[in-house]
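Q: I'd like to talk through a structure before setting anything up with it. Could you put it on screen and take my questions as they come?

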Amino acid sequence: MVLRIKSEDPTVGPGELSINPMRKKDLSAIHEIEKLVYPKPWSVGVFLSELAHHKERSYSVAVLGGAVVGYSGVMYVLEDAHITNIAVHPDFHRHHIGSALMYSLVLEALDYGAKNLTLEVRVTNLAAQRMYASFGFMPVGVRKGYYQENNEDAIIMWVYEVDTTEYRDRLVQLASKRNLSARRRHFRWFK
Ligand SMILES: CC(C)(COP(=O)(O)OP(=O)(O)OC[C@H]1O[C@@H](n2cnc3c(N)ncnc32)[C@H](O)[C@@H]1OP(=O)(O)O)[C@@H](O)C(=O)NCCC(=O)NCCS
């Protein structure tokens, strides 16, 4: 994937964006991003607990120039893959890192045997909703007051039958449009 970065951060040079399995050593960087992007960030303890359930959960990090710039998580329940978290450091929004994480997550879910993908998203979070819609997610319901800290509703989104040729074709088209490499976990990055 060829990405261009607007950030002036001199520590970020040309290199590869990699999507790697999340490790405990990544958690302090992840927690810093959590605090920047969410009103009620997950604690390091929550991530540790999620990582401990590695049979039915999978967490990844996006690494650029040696730094964690984003992460994602998924929980498998039978044929359904439930996206539990996805975030990108605000300095790196709109550079398709979220899409790279989603793309990698979907490919992994397909490998796992998932047939459907689901998630909850805040009604006000239009950026995330747009990204999910581009991956085929449709709103199917609302959980009233799901986010207790401000009583905000969650939209429940699903994309069904991802194990079909039609969905794979859609994914290939999206990957091409967003310059996501066919190689799943390593993407070229240019400043
Ligand atoms: C949601 C999030 C992960 C997206 O990551 P990202 O790397 O910025 O997203 P991408 O660059 O891959 O964007 C993919 C598409 O989503 C849409 N999109 C993303 N951010 C958007 C924004 N701020 N406004 C409008 N559309 C947006 C666009 O359609 C975009 O495609 P385009 O740039 O080709 O037009 C990021 O905004 C984030 O970390 N938000 C805070 C955490 C969060 O809300 N997570 C989701 C919880 S449910």
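A: What follows is a conversation about the structure shown above, which is a predicted model.

Q: What is the mean pLDDT of the protein chain, and what share of residues reach 70 or more?
A: The protein chain has a mean pLDDT of 88, and 86% of its residues reach 70 or more. Over residues 1-12, however, the pLDDT is below 50, although this stretch has 29 contacts in the model beyond near neighbours in sequence.

Q: And how should coordinates be read where pLDDT is low?
A: Where pLDDT is low, the predicted coordinates should not be read in detail.

Q: OK, the fold then: how many helices and strands are there?
A: The protein chain has five helices and eight strands, and along the sequence they follow the pattern β-α-α-β-β-β-α-β-α-β-β-α-β. Of the contacts with a separation of 6 or more, 65% are between residues 24 or more positions apart.

Q: What percentage of the residues is buried?
A: Buried residues make up 30% of the 191 residues in the protein chain. The largest nonpolar core has 41 residues, and those touching the most other members are A62, Y71, I97, A100, L101, V106 and L117.

Q: Which elements each supply at least two residues of that core?
A: They are β1 (15-21), α1 (27-37), β2 (57-64), β3, β4, α3, β5 (116-122) and β7. Among these, α3 gives the most to this core, with eight residues.

Q: Which residues does A62 touch?
A: Leaving aside residues up to four places away in sequence, A62 touches L17, I19, V69, G70, Y71, I97, A100 and L101.

Q: Back to α3, which of its residues are buried?
A: The buried residues of α3 are I97, G98, S99, A100, L101, M102, Y103, S104, L105, V106 and A109.

Q: How far apart are the end C-alpha atoms of α3, and what span should its residues give?
A: The end C-alpha atoms of α3 are 22 Å apart, which agrees with the 22 Å that its 16 residues should span at 1.5 Å a residue. Just after α3, G113 takes a positive phi of about 105 degrees.

Q: New topic, the ligand: how many residues surround it, and which are the closest?
A: The ligand is surrounded by 18 residues, the closest being H93, G98, S99, A127 and M131. Two or more residues of this shell come from each of β4 (80-88), α3 (97-112) and α4 (126-134), and the largest share, five residues, comes from α4. G98 and S99, which are among the closest residues to the ligand, are also among the buried residues of α3.

Q: Which residues other than glycine have a positive phi?
A: L78 is one of them, with a positive phi of about 55 degrees, and R94 is another, with phi near 65 degrees. For context, most residues other than glycine have a negative phi. L78 is in the loop between β3 and β4, whereas R94 is found in the loop between β4 and α3.

Q: Are L78 and R94 buried or exposed?
A: L78 counts as exposed because it has 10 C-beta neighbours inside 10 Å, and R94 counts as exposed because it has 9; the limit for exposed is 12 or fewer.

Q: Where does V77 lie, and is V77 buried or exposed?
A: V77 lies in strand β3 (residues 67-77), and V77 counts as exposed, with 11 C-beta neighbours inside 10 Å. V77 is 7.3 Å from E56, C-alpha to C-alpha, with the two 21 residues apart in sequence.

Q: Last one, what about Y147 and Y160?
A: Y147 is in strand β6 (residues 138-147) and is partly exposed, with 18 other C-beta atoms within 10 Å. Not counting residues up to four places away in sequence, Y147 touches R122, E152 and A154; Y147 and K40 are 107 residues apart in sequence and 9.0 Å apart in space, C-alpha to C-alpha. Y160 lies in the loop between β7 (152-159) and α5 (165-177), and Y160 is partly exposed, with 16 other C-beta atoms within 10 Å.

Terms used:
Residues are numbered from 1 along each chain as its sequence is written. This is a predicted model: local features need pLDDT of at least 70, side-chain atom pairs count only at pLDDT 80 or more; totals for chains, interfaces and linings use all residues. pLDDT is the predictor's confidence in each residue, from 0 to 100. Two residues are in contact if their C-beta atoms, placed from the backbone, lie within 7 Å. A residue is near a molecule or strand if its C-beta atom, placed from the backbone, lies within 6 Å of it. Helices (H or I, at least four residues) and strands (E, at least two) are DSSP runs, numbered from the N terminus. The expected span of a helix is 1.5 Å times one less than its number of residues. A residue is buried if 20 or more other C-beta atoms lie within 10 Å of its own, exposed if 12 or fewer, and partly exposed in between; C-beta atoms are placed from the backbone. A nonpolar core is a set of buried Ala, Val, Leu, Ile, Met, Phe, Trp, Tyr and Cys residues joined through C-beta atoms within 7 Å.
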